[in-house]
Amino acid sequence: MPNMDPKKNPMPVQEPDVRNKNFNEVALGYTYEVAVNEAQRCLNCKNRPCVEGCPVSIQIPDFIACVAKEDMEGAFEVLNSSTSLPAVCGRVCPQETQCEQRCVRGIKGEPVGIGRLERFVADWHRENNTKKPVVPKQNGHKVAIIGAGPSGLTAAGDLAKLGYKVTVYEALHVAGGVLSYGIPEFRLPKDIVNKEVQNLIDIGVDIETNMVMGKVLTIDELFEMGNEAIFVGSGAGLPRFMNIPGESLNGVYSANEFLTRINLMKAYLPNSKTPIQHAKKTVVVGGGNVAMDAARSAMRLGSDEVYIVYRRGMEELPARNEEIEHAEEEGIIFKTLHNPVEILGDENGNVCGIRCIKMELGEPDESGRRRPIEIPGSEFEIECDSVIMAIGTSPNPLISSTTPGLDTNKRGCLITQDDSGLTTREGVYAGGDAVTGAATVILAMGAGKSAAAAIDEYIKNKS
Ligand code: SF4
Ligand code: SF4
């Protein structure tokens, strides 16, 4: 008999007033017993609606059935056949709008905790597995991947498992892309990212770091080196600003820079060579997951007050509900229906405040969301000594500008011809934020997976 409890087993977490002062992971993970109990809530539905909600097609009922009968290694093998990054997905995937949204247990109660179970299985495997990885037999074909973020690593894993000799070229000194430089330690510990990257190296994927493609090597040169296809998963690392007065003052950061300095350069440590300002009052502009990450990081760095300033209402915040709730619990102050018009500076060129205007919501715009409209005469100031802009990013033009025949749209995103990720240049595929602009980790992974299958078809048909 399945466990018919209408509620998911809750995720144990660090207490808010403890965790807002440290960078340790907030969610602590299910215990073995709780994972088995949660798995027993799954009805093993014949039509498998949850699988349709997963961009990397994890065979969800099969892995959960293994957990329910305490075959954790079997569960890992099911996960591993569809994803190379299960511990990452189980932590940062927006399950509530993906697999769990389709779960039939969600009709009369809460869905099965699919993401929490995925995380449990990946963590169990990491801590208990003693088997050596099996290196797939090589098929004699070479593929290059640009970018070691979620889409690039997924494409690399799938192609390596098919026998391709895969080399991943990464611009930074570590692999992981946004998983390493963007998402903070308290949501996604870097040890976990490193281990999942190591799993790929162990099956033969070669990762070359400090390789800024378009400068060190071009796509044409990669073809000349014997690669038969190329996947571009170079992400969207170019921060956007609002173009309001005061954005060049000391103490104004892009969220990208702020989070990279914290995550990769440990700039918060007292002996850091690239120290980051420890602000007393921080204002973060934006309402997505990156804004929540920046605000919660600023709080952990010792800000007494941290504000989120967002031009639409609480209902319209694009961040995951869980991240918004965690931010509220940790003391972040939400100033929704507010928009900055100027960042204010003191006589030394340092930030001393931000002037905002109140907004109201009008008719829906082309995105379907209600358009924010300024309320005349409602301007006011928030005193602060740091402002972090988290209003989105665009792809870096380095690769498109050095590759003849690789077309981009007016937002600088690579144009693809279909779901396979084929670009306007033969043999060059692309996916993730380089194509869509900033989106989620799991959508980037789904794009990497589709492109790997298309590259395999392309090379097989050509040979
Ligand atoms: Fe669900 Fe994401 Fe895991 Fe797929 S990868 S099963 S969508 S949590
Ligand atoms: Fe299990 Fe829910 Fe998927 Fe049904 S829809 S198989 S209950 S996870």
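At roughly what angle do the axes of helix α5 and helix α7 cross? The axes of α5 (residues 72-80) and α7 (residues 114-128) cross at roughly 110° and come within 9 Å. That makes α5 roughly perpendicular to α7 (65 to 115 degrees counts as roughly perpendicular, under 35 as roughly parallel, over 145 as roughly antiparallel and the rest as oblique).

A word on ground rules: this is a predicted model, where local features need pLDDT of at least 70, side-chain atom pairs count only at pLDDT 80 or more, and totals for chains, interfaces and linings use all residues. Residues are numbered from 1 along each chain as its sequence is written, chains are lettered from A and ligands numbered from 1 in the order written, and side-chain values use heavy atoms, with hydrogens and water left out.

Helices here are DSSP runs (H or I, at least four residues), numbered from the N terminus. Their axes are lines fitted to C-alpha atoms over the stretch in contact, with angles from 0 to 180 degrees between N-to-C directions. α5 crosses α7 in a left-handed way, α4 passes α7 in a left-handed crossing, and the α2 and α7 crossing is left-handed (the near helix is turned anticlockwise from the far one by less than a right angle).

Now the ligands. Around ligand 1 (a heavy atom within 4 Å) are residues including C54, C89, C93, C99, I114 and E118. Its shell has nine nonpolar, two polar and one charged residues. Cys and Pro count as nonpolar, along with Ala, Val, Leu, Ile, Met, Phe, Trp and Tyr; Asp, Glu, Lys and Arg are charged, and the others, Gly among them, are polar.

How values were computed. Helices (H or I, at least four residues) and strands (E, at least two) are DSSP runs, numbered from the N terminus.
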